[in-house]
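Work through the exercises below with the sequence and the 3D view open. Try each task before reading its solution.

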Amino acid sequence: MSADGGAAPEGRMVPFYCPYCGDEELVPEAEPAGAWKCTACLRVFTVRLVGLASG
Ligand SMILES: [Zn+2]
């Protein structure tokens, strides 16, 4: 892994906080694709865009 700042794979959303404990220390997980690991609570999760609200 390198921090080249390239285009993220389609569908990968970057979470800023762990949705479970609120910690900010998130690191990408290789598997499953697009997953993130919270270094505080060790939960691995994915963030998926469902769509846009109609308003
Ligand atoms: Zn957490």
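Helices (H or I, at least four residues) and strands (E, at least two) are DSSP runs, numbered from the N terminus. The model is predicted: local features need pLDDT of at least 70, side-chain atom pairs count only at pLDDT 80 or more, and totals for chains, interfaces and linings use all residues. Residues are numbered from 1 along each chain as its sequence is written, and side-chain values use heavy atoms, with hydrogens and water left out.

**Exercise 1. The fold**

Task: State how many helices and strands the protein has, and give their order.

Solution. Start with the count: 0 helices and 3 strands. Then read from the N terminus: the order is β-β-β. Next, check burial. Buried means under 20% relative accessible area, exposed over 50%, and partly exposed in between (1.4 Å probe, protein chains only). Of the 55 residues, 15% are buried. Finish with the surface, computed by the Shrake-Rupley method with a 1.4 Å probe. The protein exposes about 4600 Å², and 55% of that comes from carbon and sulfur atoms.

**Exercise 2. Strand pairing**

Task: Work out which strands pair, and whether they run parallel or antiparallel.

Solution. Apply the rule: two strands pair if DSSP finds at least two bridges between them. Strand β1 covers residues 26-29 and strand β2 covers residues 35-38; 4 bridges join them, and they run antiparallel. β2 also pairs with β3 in the antiparallel sense, over 3 bridges. β3 spans 44-46.

Now place the partners. Leu-26 stands opposite Cys-38 in β2. Pro-28 stands opposite Trp-36 in β2. Trp-36 in turn stands opposite Phe-45 in β3.

**Exercise 3. The two turns**

Task: For each hairpin, find which turn residue has a positive phi.

Solution. Take β1 and β2: their hairpin has 5 residues between the strands, and Gly-34 in the turn has a positive phi of about 80°. Move on to β2 and β3. This hairpin also has 5 residues between its strands. Here the turn residue is Leu-42, with a positive phi of about 65°. Leu-42 counts as exposed because its relative accessible area is 60%. Leu-42 lies 21 residues from Cys-21 in sequence and 9.9 Å away in space, C-alpha to C-alpha.

**Exercise 4. The zinc site**

Task: Which atoms coordinate the zinc ion, and why is the arrangement called tetrahedral?

Solution. First list the donors, meaning N, O and S atoms within 2.8 Å of the metal (3.2 Å for Na, K and Ca); water is not among the atoms, so sites may look incomplete. The SG atoms of Cys-18, Cys-21, Cys-38 and Cys-41 coordinate the zinc ion at 2.3 Å. In sequence they follow C-x2-C-x16-C-x2-C.

Then test the angles. Four donors count as tetrahedral if all angles lie between 85 and 135 degrees. The 4 donor atoms subtend 105 to 118°, so the zinc site is tetrahedral. For reference, the ideal angle for four tetrahedral donors is 109.5 degrees.

Last, compare cover. Cys-38 is buried because its relative accessibility is 0%. Cys-41, at 24%, is partly exposed.

**Exercise 5. The salt bridge**

Task: Which side chains meet in a salt bridge, and are they buried or partly exposed?

Solution. A salt bridge needs a side-chain nitrogen of Lys or Arg within 4 Å of a carboxyl oxygen of Asp or Glu. The whole structure has 1. Glu-29 and Lys-37 form it, at 3.9 Å, N to O. Glu-29 has 23% relative accessibility, so it is partly exposed. Lys-37, at 26%, is partly exposed too.

Definitions and conventions. Tetrahedral: all angles 85-135°; square planar, octahedral: opposite > 155°, others 65-115°.
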